[in-house]
Amino acid sequence: MAKVLITGVLGQDGAYLAQHALEHGHEVIGGARGELTDERLWRLRHLGIADQIAFIPFDLGDSALIEQQIKQHRPDFIFNMAAQSSVGDSFSTPLATAEIGGMGALRIFEVARWADWAPHVFQASSSEIFGCITDAQHTEDSSFNPKTPYGATKLFAHIMAEAYRASYGTFVSTGILFNHESPLRGENFVTRKITKSLAQIKAGQQDTVYLGNLDARRDWSHARDFVEAMWRIVQLPQPDNFVIASGRLVSVRDFTSMAAARAGFDLVWEDHGVNEKGFDRKTGKLIVGVDPVFYRPYDPAQPKVNTGKAASVLGWTPQTTLEELVGEMVDFELQQIKH
Ligand code: GDD
């Protein structure tokens, strides 16, 4: 039985990671900042594991607390999942995003560097570190050119992970994670916003959902599949970087059509840009509109990736199709509706 410390245990990935570790008989220490309210515990409660986690106060802005907690608990594995994880929100909170996502990760690496039991650290890197590049296919060795505060922050932590490996021999692995979703996703991300809104429209509790860039294409997978990859990455004898993705790019518009179909709508799209609208073919009802307030100052196209390394070294490929993911998310939202 191993001791597993998960920072950001209250978030989507933290919750699925905790579930995965508990299912494999490990002890889970959950790092969380602030009060553990019912509202914040909802993901762990939904998975039925809140009572099996030993919660500890953990704040990525507090070096002394990080050092004290890691030294006291001596975890075998540390998954650093805490961050300000919204690219959109990073435009209005660049300093906080960098402080927690960048310096916070470095604070953990620094404690791991000196730890006499050599914990294995997993750092959640992001596809946003690729940024504005035009190669046909990307791998772990592609160059990075982020243009968002969030992407730049994640690249800092990613490069630091490599520096700690090379300079000190610290075990810090990264997963360059493409989008991963689930019913436990935060509502500020586009997939959950869409699935939740569609369920409410279906129930007559909302008129229309307004989105931003419908042409944006993303490589979406199920978060449950991703934690399996993260787990395999930290079990390796040597630290390394892995791109984790499905390899399939789908537009926000097409994701919306898929989700709408699951909710019982048949969307037809009319017009373009800010005037684009999605109507239900049967009733003519306006289901989707565009509001420029949801556009980002910078929204780089996501690259197509080659996930061959994850397949060959980790034996990992995603198990859930996008259709299954969309189905699970929409069904969850329909069940949540209170009539
Ligand atoms: N959030 C949001 N809300 N995004 C919208 C909307 C909207 O109303 N309308 C269109 N979009 C577009 C965004 O412009 C973006 O191109 C795409 O939908 C996905 O946005 P998000 O769901 O917010 O995710 P993200 O791709 O920016 O970032 C996520 O994935 C990264 C990995 O690829 C986050 O999980 C990051 O933490 C993660 O690193």
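**Ligand and domains**

Author: This is a predicted model, and in it a polar backbone atom of S85 is 2.5 Å from an oxygen atom of the ligand.

Reader: How many residues surround the ligand?

Author: There are 23 residues around the ligand, and the closest are S85, S126, S127, N179 and R296.

Reader: Switching topic, which parts of the chain make up domain 1 and domain 2?

Author: The domain assignment gives domain 1 as 3-182 + 220-247 + 303-319, and domain 2 as 190-216 + 251-301 + 327-338. Taken over C-alpha atoms, the centres of domain 1 and domain 2 are separated by 30 Å, and the contact takes 16 residues from domain 1 and 14 residues from domain 2.

Reader: What area is buried between domain 1 and domain 2?

Author: About 1200 Å² is buried between the two domains, with carbon and sulfur atoms giving 65% of that area. On the domain 1 side, F91, S182 and W220 supply 38% of the area buried against domain 2, which is more than any other three residues.

Reader: How many salt bridges does the rule find across that interface?

Author: The rule finds one salt bridge across the interface of domain 1 and domain 2. As for polar contact, the count between the two domains is three residue pairs.

Reader: Which helices supply at least two residues each on the domain 1 side?

Author: Those are α2 (42-46) and α4 (87-90), each with at least two residues of the side of domain 1 that touches domain 2. The residues of that side divide into six nonpolar, six polar and four charged.

Reader: Now for the whole structure, how many salt bridges does a search find?

Author: A search of the whole structure finds 21 salt bridges. One of the pairs is E333 with R192, whose side chains meet at 2.5 Å, N to O.

Reader: Where do E333 and R192 lie?

Author: E333 belongs to helix α11 (residues 322-336) and R192 to helix α7 (residues 190-202), so this pair ties together parts that are 141 residues apart in sequence.

Key: Residues are numbered from 1 along each chain as its sequence is written. This is a predicted model: local features need pLDDT of at least 70, side-chain atom pairs count only at pLDDT 80 or more; totals for chains, interfaces and linings use all residues. Side-chain values use heavy atoms; hydrogens and water are left out. Domain bounds come from an automatic or database domain assignment. Contact means heavy atoms within 4.5 Å. Buried area is the accessible area (1.4 Å probe) that two parts lose on being put together, summed over both. A salt bridge is a side-chain nitrogen of Lys or Arg within 4 Å of a carboxyl oxygen of Asp or Glu. A polar contact is a pair of N or O atoms within 3.5 Å; within protein, one must be able to donate a hydrogen and the other to accept it, and residues adjacent in sequence count only if both atoms are side-chain atoms. Helices (H or I, at least four residues) and strands (E, at least two) are DSSP runs, numbered from the N terminus. Ala, Val, Leu, Ile, Met, Phe, Trp, Tyr, Cys and Pro count as nonpolar, Asp, Glu, Lys and Arg as charged, and the others, Gly among them, as polar. A residue is near a molecule or strand if one of its heavy atoms lies within 4 Å of it.
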